[in-house]
Amino acid sequence: MPDDFEPKSAIKNASMLGLQTGALGLVYSTLQNALGQHSSGALGVFTRTGSTITFFAAMGAAFAFTEATVANQRQKNDPYNGAAAGCAAGFLAGIRARSLPIALGGCAFLGTTVGIFDKAGAFTGTESVLSDEQRSKFFKKPLDLKSSSQS
């Protein structure tokens, strides 16, 4: 089965996922603000824990941009694209912690995790289409009860 590659817009993907993960960051920041004890009031979502929103948006944008860029450079849709994107997002998480070992560990962990999930088809939701011959080899053959009961 040939891999039909269609180029992806890295900027479009990064901005879309950045906005979506930024919205998720807003929800998380709101929860942080609501559960914390402080005198900032409702604006604490932006003033006290607002960096969470930016961080979530940056990780999502970095992931999407890297995945599209790697896919366009390699002209392939495979798990290596997701692994590279996971590595970029994990590295960004380590940079936020201001630690190079954490950045390298985050790159290795998130890159491996996303690569495995992409290989399994969990993130993209795509499944490889099996031919009838491959499908018949994979599934067990039903027992022929008539011929075994006559013996």
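In which hand of crossing does α3 pass α4? The crossing is right-handed. The model examined here is predicted.

Two packed helices are described by the angle between their axes and the distance between the axes. For α3 and α4, the angle is about 150° and the axes lie 8 Å apart. The cut-off for a roughly antiparallel pair is an angle over 145 degrees. α3 and α4 are therefore roughly antiparallel to each other. On the α3 side, the contact includes S51, T52, F55, A58, M59, A62 and F63. T66, E67, V70, A71 and R74 of α3 also take part. Their partners in α4 are Y80, N81, G82, A84, A85, G86, A88, A89, L92, A93 and R96. By class, this contact of α3 with α4 has 14 nonpolar, 6 polar and 3 charged residues.

Helix α4 spans residues 79-96, and helix α5 spans residues 100-120. These two helices pack at an angle of about 150°, with axes 6 Å apart. α4 and α5 are therefore roughly antiparallel to each other. Their crossing is right-handed. From α4, the residues in contact are P79, G82, A83, G86, C87, A89, G90, F91, G94 and I95. From α5, they include L100, I102, A103, L104, G106 and C107. L110, G111, V114, G115, D118 and K119 of α5 also meet α4. The contact of α4 with α5 comprises 13 nonpolar, 7 polar and 2 charged residues.

Helix α3 also packs against α1. The axes of α1 and α3 come within 6 Å and cross at roughly 155°. That angle makes α1 roughly antiparallel to α3. The crossing of α1 and α3 is right-handed. Their contact holds 15 nonpolar and 11 polar residues, with no charged residue.

α3 gives the most, with 5 residues. The lining of the second largest pocket divides into 9 nonpolar and 2 polar residues, with no charged residue.

Terms used. Residues numbered from 1 in each chain as written. Predicted model: local features only at pLDDT ≥ 70, side-chain atom pairs only at ≥ 80, totals over all residues. Heavy atoms only, no water. Axes fitted to C-alpha atoms, helices over the stretch in contact; angles between N-to-C directions. Helix = DSSP H or I, 4+ residues; strand = E, 2+ residues; numbered from the N terminus. Parallel < 35°, antiparallel > 145°, perpendicular 65-115°, else oblique. Left-handed = near helix turned anticlockwise from the far one by under 90°. Contact = heavy atoms within 4.5 Å. Nonpolar A, V, L, I, M, F, W, Y, C, P; charged D, E, K, R; others polar.
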